[in-house]
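Here are a few notes from my pass through this one. Have it open alongside as you read.

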Amino acid sequence: MPDRFWPLLANGVGWVARTTGAPASIVGGIREAEAQVDATAVTYNVRPMQEIVANSIAKQRLTMILLSVFSTLALVLSAVGIYSVISYLTGQRTHEIGIRVALGASASDVLRMIVGEGMRIALIGVGIGVVAALGLTRLITKIIYGVGANDPLTFIGVAVLLSGVALVACYIPARRAMRVDPIIALRYE
């Protein structure tokens with residue numbers, strides 16, 4: 001290789017050309033123009049700008065995809081956990097619910113009681129989570145692009161999403177508790 005070729009590689013000299021057609025169609029013209037200026041120059045690694053940009057942010061994109069997958073998995077696991085706990089607690093209270101219904105409690109009273117107790121626990125958990133997140137967001141500020149460490153819109157959105165998931169997870173066992181037959185529930189124990 002000629003000695004003049006190395007400074008081009010060492011300095012990272014590159015060309016950027018804007019085209020309206022396919023980028024590969026202008027490579028020949030660029031090589032010809034470059035040969036007129038310097039016959040020893042070599043044009044290589046011709047790629048569209050979209051590919052260069054995509055490669056430059058590939059690590060951040062992978063990090064965000066993994067973060068999204070794991071956070072979705074955590075959301076599903078939390079919904080299943082809340083559903084399981086509320087369902088178990090509701091099942092343990094079948095006798096009590098039967099007595100309440102026998103004494104005149106309406107289905108909406110039972111629904112309100114079960115959902116209210118479940119949401120109280122869930123909202124305490126969301127509150128603790130928001131406080132913990134406020135303290136821990138500084139650790140991931142370099143990963144999340146365009147979102148501040150204490151972005152109120154993000155915190156409100158996540159709190160509302162988690163509260164909605166908890167509401168649905170509490171509503172399903174509460175619907176089942178509304179259908180408890182008092183006679184069967186009283187015979188239960």
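1. Let's start with a charged pair: how do the side chains of Asp109 and Arg112 meet? They form a salt bridge, at 3.2 Å from N to O. The two sit 3 residues apart in helix H6, so about one helical turn separates them. Asp109 is partly exposed at 33% relative accessible area, while Arg112 is exposed at 54%.

2. A word on confidence, since this is a predicted model. Mean pLDDT for the chain is 79, with 86% of residues at 70 or more. Over residues 1–11 it is below 50, and that stretch has 9 contacts in the model beyond near neighbours in sequence.

3. Back to the charges: the structure holds 4 salt bridges. Arg93, Glu96, Arg100 and Glu117 are linked in a salt-bridge network. In the Arg93 and Glu117 bridge, N and O are 2.3 Å apart. That pair ties together distant parts of the chain, 24 residues apart: Arg93 is in the loop between H4 (58–92) and H5 (94–102), and Glu117 is in H6. Glu117 is partly exposed, at 28%.

4. Arg100 and Glu96 also bridge, with their closest N and O atoms 2.9 Å apart. Both lie in helix H5, 4 residues apart, or about one turn. Arg100 is partly exposed at 39%, and Glu96 is partly exposed at 28%.

5. Now the nonpolar side. The largest nonpolar core has 13 residues, and Ile97, Val110, Ile114, Met119 and Ala177 touch the most other members. Helices H6 (107–136) and H7 (152–178) each give two or more residues, with H6 giving the most, at 6. Leaving aside residues up to four places away in sequence, Val110 touches Ile97, Val101, Ala177 and Met178.

Key: Residues numbered from 1 in each chain as written. Predicted model: local features only at pLDDT ≥ 70, side-chain atom pairs only at ≥ 80, totals over all residues. Heavy atoms only, no water. pLDDT = per-residue confidence, 0-100. Contact = heavy atoms within 4.5 Å. Core = buried A, V, L, I, M, F, W, Y, C linked by side-chain atoms within 4.5 Å. Buried < 20%, exposed > 50% of the residue type's maximum accessible area, 1.4 Å probe, protein only.
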